[in-house]
Amino acid sequence: MHIDYRKEFGVRECPSCATEVKINNNRCPICGYEFPCLRGRRKTLQVGMALLMLILLGLMLLRALSGR
Ligand SMILES: [Zn+2]
């Protein structure tokens, strides 16, 4: 009888090397494969927004400096 123990123990299989990697480990310790996850994507979006704000601030500063 096959039991899906992966969910029980919070483990998932690495699609690259088939090693079992813990759910809270976003990177495979064997081959370095990075698991794509929603949380990571959201974080990337936040970083992107922060970067955009920084660029806008820089542009405003440049304009203020060249304006006088
Ligand atoms: Zn791997």
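**Group meeting: a zinc site and its surroundings**

C17 is partly exposed, with 30% relative accessible area. Buried here means under 20% relative accessible area, exposed means over 50%, and partly exposed is in between, using a 1.4 Å probe and protein chains only.

Some ground rules before I go on. This is a predicted model, in which local features need pLDDT of at least 70, side-chain atom pairs count only at pLDDT 80 or more, and totals for chains, interfaces and linings use all residues. Residues are numbered from 1 along each chain as its sequence is written, and side-chain values use heavy atoms, with hydrogens and water left out.

Now the zinc ion. Which protein atoms are its donors? They are the SG atoms of C14, C17, C28 and C31, and they lie 2.2 to 2.3 Å from the ion. A donor is an N, O or S atom within 2.8 Å of the metal, or 3.2 Å for Na, K and Ca; water is not among the atoms, so sites may look incomplete. Along the chain, the spacing of the donors is C-x2-C-x10-C-x2-C. C17 and C28 link distant parts of the chain, eleven residues apart. C17 sits in the loop between strand 1 (11-13) and strand 2 (20-22), while C28 sits in the loop between strand 2 and helix 2 (38-67). Helices (H or I, at least four residues) and strands (E, at least two) are DSSP runs, numbered from the N terminus.

The arrangement is tetrahedral because the four donor atoms subtend angles of 105 to 113° around the zinc ion. Four donors count as tetrahedral if all angles lie between 85 and 135 degrees. The ideal angle for four tetrahedral donors is 109.5 degrees.

As for accessibility, C28 is buried at 2%, whereas C31 is partly exposed at 37%. A search of the whole structure found zero disulfides, a disulfide being a pair of cysteine sulfur atoms within 2.5 Å.

Next, I23, which is in the loop between strand 2 and helix 2. I23 is partly exposed, at 46%. Apart from neighbours within four places in sequence, I23 contacts G10, V11 and R12; contact means heavy atoms within 4.5 Å. From I23 to F35, twelve residues apart along the chain, the C-alpha separation is 9.3 Å.

Last item: how many salt bridges does the structure hold? One. R27 pairs with E34, and their closest N and O atoms are 2.7 Å apart. The term means a side-chain nitrogen of Lys or Arg within 4 Å of a carboxyl oxygen of Asp or Glu. R27 is partly exposed at 45%, and E34 is exposed at 52%.

Key:
Four donors count as tetrahedral if all angles lie between 85 and 135 degrees; four count as square planar and six as octahedral if opposite donors are over 155 degrees apart and all others between 65 and 115; anything else is irregular.
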